[in-house]
Amino acid sequence: MMKSEKPSIFRAERSPLKVTLLVFSGSSIMCVASAVDPLRAANRIAGETLFDFRLVSVTGEAPVTTCGLPVAVSGRFDAADTTDVLVVVAGFGTQNYATSSLLAGLRRAARAARACGGVEAGTWLVARAGLLEGRSATTHWEDMEDFSSAFPDVDVRPDRYVIDGPVFTSGGASPTFDLMLHLIRTRLGMAVALDVASVFIYDQARAATDAQPLVSLGRLDGYDPRLAQAIRLMEAHVDQPLTIAAVAMRAGVTARTLESIFRKSIGETPGAYYLRLRLGAARRLVVDTRVAMADIAGRTGFSSAAAFSRAFSRAFGEAPVRLRRR
């Protein structure tokens, strides 16, 4: 990190992060969703607003995505507004938006923010604002050659996403989801990132010769295949939980080795993760359905409604019946 740069947002930090997403007409709706929905899910899982995000446009009117659906925004982009992170989301027609006033506004907002980034063609606008000079970046694979020619001072890489100091770029919708999972993991821990990926049953499809990623892990760095197998077993036995010894045996390791793998990869024991997995499933049933509490207890492996209520209250700070009444 350069001496003049602010501390990275990609670090362990639980204080709320204010995120402004500047969305342009011609963007892919999948890019918009991949940038926003993981943050929304992280807030829900955490039970507090740790990512305070808002969407804006240049004019304040709803930008129209490539599929014809408009995106509701809270207002127009104002470079003077305070934000921690500025994310530029763009697609087709970016050349029509690169006015001198807009680029000056991007520079001003980026200087005041802790980080800024470009999603898909948003990278072009970030580059035209001079925010990528001397840095590494990526963009959509179709534009890679043209982008390299247009910005010779940028180290263009064919990566899914690139983080270089306070600037980040991604090549499209799926890489943006990867990037947001990385942000969540580095700030809130791998356990929360696992839960977010599980909400979307996220699976990054890669080359046939690559190791298949766990559905609920998404593309997260450094997980052990035995961890993936253990979590699959846990996910498949939420209603009738296996003992940790049984999970370890089916994963081909000892219980002690499995505990070591979990502590190293996730930062908690297999038992704690398994309980949190079951309680997360229970919380979704409490909030999103009208299923009786006794039935929720049974579906998530608790011996009784009372045992379920006690575990739920310890985990979430209030009884399930009170949460449902909100």
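**Helix packing and salt bridges in a predicted model**

Helix α8 is followed by Gly252, a residue with a positive phi near 80°; helices here are DSSP runs (H or I, at least four residues) and strands likewise (E, at least two), numbered from the N terminus. The model is a predicted one, in which local features need pLDDT of at least 70 and side-chain atom pairs count only at pLDDT 80 or more, while totals for chains, interfaces and linings use all residues. Residues are numbered from 1 along each chain as its sequence is written, and side-chain values use heavy atoms, with hydrogens and water left out.

Helix α8 itself spans residues 244-251, and its buried residues are Ala246, Val247, Ala248 and Ala251. Burial is taken as under 20% relative accessible area, exposure as over 50%, and partly exposed as anything in between (1.4 Å probe, protein chains only). The buried residues of α8 pack against α7 (225-236), α9 and α10 (270-288). Two of these partners also meet each other: the axes of α7 and α9 come within 10 Å and cross at roughly 100°. Axes are lines fitted to C-alpha atoms, for helices over the stretch in contact, with angles running from 0 to 180 degrees between N-to-C directions. The helices α7 and α9 are therefore roughly perpendicular to each other, a label for angles of 65 to 115 degrees, whereas those under 35 count as roughly parallel, those over 145 as roughly antiparallel and the rest as oblique. On the α7 side the contact is made by Arg226, Leu227, Ala230, Ile231 and Met234, and on the α9 side by Thr257, Leu258, Ile261, Phe262 and Ser265; contact means heavy atoms within 4.5 Å.

Helix α9 covers residues 255-265 and includes Ala255. At 35% relative accessibility, Ala255 counts as partly exposed. Between Ala255 and Ala98 there are 58 Å in space, C-alpha to C-alpha, and 157 residues in sequence.

Turning to charged side chains, the structure holds 13 salt bridges, each being a side-chain nitrogen of Lys or Arg within 4 Å of a carboxyl oxygen of Asp or Glu. One of them joins Arg135 to Asp164, with the closest N and O atoms 3.4 Å apart. Arg135 lies in the loop between α3 (122-128) and β5 (136-137) and Asp164 in strand β7 (residues 161-164), so this pair ties together parts that are 29 residues apart in sequence. Arg135 is buried at a relative accessible area of 9%, while Asp164 is partly exposed at 22%.

The pair Arg40 and Asp37 stays within helix α1, where the two residues are 3 apart, about one turn of the helix. Their closest N and O atoms are 3.3 Å apart. Arg40 is partly exposed at 32% relative accessibility, and Asp37 is partly exposed at 27%. Arg276 and Glu268 also meet in a salt bridge, at 3.0 Å from N to O; here Arg276 is partly exposed at 26% and Glu268 is buried at 17%. Elsewhere, a network of salt bridges links Arg11, Glu13, Arg114 and Arg187.

The surface also carries a nonpolar patch formed by Ile29, Met30 and Leu69, with about 280 Å² of accessible area together. Patches consist of residues with over 30% relative accessible area and no salt bridge, like charges being joined within 9 Å and nonpolar side chains (Val, Leu, Ile, Met, Phe, Trp, Tyr) within 5 Å. Accessible areas come from the Shrake-Rupley method with a 1.4 Å probe, and for residues only the protein chains shown count as cover. Ile29 belongs to helix α1 (residues 29-46) and is partly exposed at 32% relative accessibility.
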